[in-house]
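The sequence and structure come first.

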Amino acid sequence: MNWRGIRIAYTTILFKEVTRFMRIWQQTLIPPVVTTSLYFVIFGNLIGPRIGTMDGYRYIDFIVPGLILMSVITNAYANVSSSFFSAKFQRSIEEIQVSPAPNSIILLGYVSGGVVRAILVGLIVTAVSLFFSKLSVHSYWVMASVIVLTAVLFSLGGFLNGVFAKKFDDVAIVPTFVLTPLTYLGGIFYSIKLLPEFWQAASHINPILYMINAFRYGFLGITDIHLGASYAIILLFTVALFLINLKLLDNGFGIRE
Amino acid sequence: MTVALAISNLQKTYRSGLVALKGIDLEVEQGDFFALLGRNGAGKSTVIGIICSLVNKSAGTVAVFDADIDRNFALAKSYLGVVPQEFNFSIFETPRQIVCNQAGYYGIDRKLAAQRAKRYLSQLGLWEKRYQITQTLSGGMKRRLMIARALMHQPRLLILDEPTAGVDIEIRRSMWDYLTRINDSGTTIILTTHYLEEAESLCRNVAIIDQGQLVENTSTGALLEKLKQETYVLDLAEPLDQLPDEHPAGWRLKNPATLEVDMPKGSDVNRIFAQLDRHNIVVRGMRNKTNRLERLFLEMVDEGRPA
């Protein structure tokens, strides 16, 4: 397959993925908007004024970056895990398997679909947040790079989940029991400086903490974590997950008997 | 002679320990219409799965038009079109989306894909349904959609795993005609089917696989030569309530108007008429029973089984 063919195969998978989540926009684009709006109303407008400031910012302004990134993480992961598992379940993955499209392109196509949905949801949630907060951007470059890298990382995570999943319950277990707790404990609603020393140190093993802090730096210019460490962690996990997924695809794990 | 498919010592043992293939050697020539027959669980779908990269093999080699599926997988796959046994497309997509996406996976641009989609969906009677989600299509339409999808990249070798399973006779006949035209245009076709009259009507060469081994691999004509007896179906002029006393062995009254007669292959058919004459039975019509291959198939696979 030449480069042109590879590009067409990639765009076909991406187009198919985007068409899929746009077809069910009521399930993919609306729920995160409703959920984060509730966060903005309850934590930002009702409880926020009683909390006062956090790291010198209004509480609502402090939590907005984390809430945007939370919706990005959740949607990137959910899109790829459910889409790839559905393709396995309906056996439509065989359409791609029998084609000459390289496994790396199959992986990139699915991941790109997750990234597009995640960023689209992120933009919608950002637009909604403007009703509640005066957003300021400290560094567009940091903000954009962190949101894209995080979307890539969690799309890869979702793909891994989809590869291993044998039933629909398996797609829900990781987001419920791993992703959500890590996200909530990753400093969306608080600065880890508020925690006792032990829990501050323990928080550092949570990779989501690095992403939320880097993203918050992009908006507010404040972070509990060194920016370089945040990028290093995100890139390390991204490369590792990409290679693991590619190896699994090459071996046909979960898709070839 | 160009070989479309070359399989050597193909073996497959599943993780459960089930030995599905015990070393298959098979060659299919370019342009052939080839039948791969066998009972359920004989190993046919495993062979096809390995050729199409849907099943990992345990040992052996497979080459499609000289392209090894391990060393040159992209080229080998580009030569192959597959129509699987079970529906394997998204039920929420339309036929047009499904065939155009399939073309895209093979690196065919949208413009050319759209032209081919129109051609193949029209030829298979699906053009009017192109924007309808496939969930709402009938079983026969879904089968034809899978054929259209497999043809989008114009493969040199088309593999059909029970393509007419569950479709009515009219659609089955139209699919036979279509596949014959595809084959006449130069596409090599490998077919698995449980309808043995389908294999007898369409295929020039036949292989029979049983318990993971090839038990026969020859031309359809040569295989039918091995048939030890033939059955003739006679339409009677007058209804017959029961067979006459002392009727020859091999006579069966199917209903008052139809008599079936078994004859050793190659024997004189006039003997039947002499016997019928002796019992004052008048015949209005006569034909050969069509499921000759079915009988032979059962004989061959039964030979290898314990009594």
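This is a predicted model. Chain B has a mean pLDDT of 89, with 94% of its residues at 70 or more. For the complex, the predictor reports an ipTM of 0.90 and a pTM of 0.86.

**Confidence along chain B**
- Confidence in chain B is highest in α3(B), at a mean of 97.
- The lowest value in chain B belongs to helix α10 (residues 292-303), with a mean of 66.
- Where pLDDT is low, predicted coordinates should not be read in detail.

**Packing of α3(B) and α5(B)**
- Helix α3 (residues 95-105) of chain B and helix α5 (residues 139-151) of chain B have axes that come within 8 Å and cross at roughly 30°.
- Because angles under 35 degrees count as roughly parallel, α3(B) is roughly parallel to α5(B).
- The crossing of α3(B) past α5(B) is right-handed.
- On the α3(B) side, B:Pro95, B:Ile98, B:Val99 and B:Gln102 make the contact, and on the α5(B) side B:Leu145, B:Ala148 and B:Arg149 do.
- By class, this contact of α3(B) with α5(B) has five nonpolar residues, one polar and one charged.

**Contact between chains A and B**
- Chain B brings 27 residues to the contact, and chain A brings 23 residues.
- On the side of chain B that touches chain A, the elements giving two or more residues are α2 (73-79), β6 (80-83) and α3 of chain B.
- Of these, α3(B) gives the most, with four residues.
- The residues on this side of chain B comprise 14 nonpolar, 10 polar and three charged.

Terms used. Residues numbered from 1 in each chain as written. Chains lettered and ligands numbered in written order. Predicted model: local features only at pLDDT ≥ 70, side-chain atom pairs only at ≥ 80, totals over all residues. Axes fitted to C-alpha atoms, helices over the stretch in contact; angles between N-to-C directions. Parallel < 35°, antiparallel > 145°, perpendicular 65-115°, else oblique. Left-handed = near helix turned anticlockwise from the far one by under 90°. Contact = placed C-beta atoms within 7 Å. Nonpolar A, V, L, I, M, F, W, Y, C, P; charged D, E, K, R; others polar. pLDDT = per-residue confidence, 0-100.
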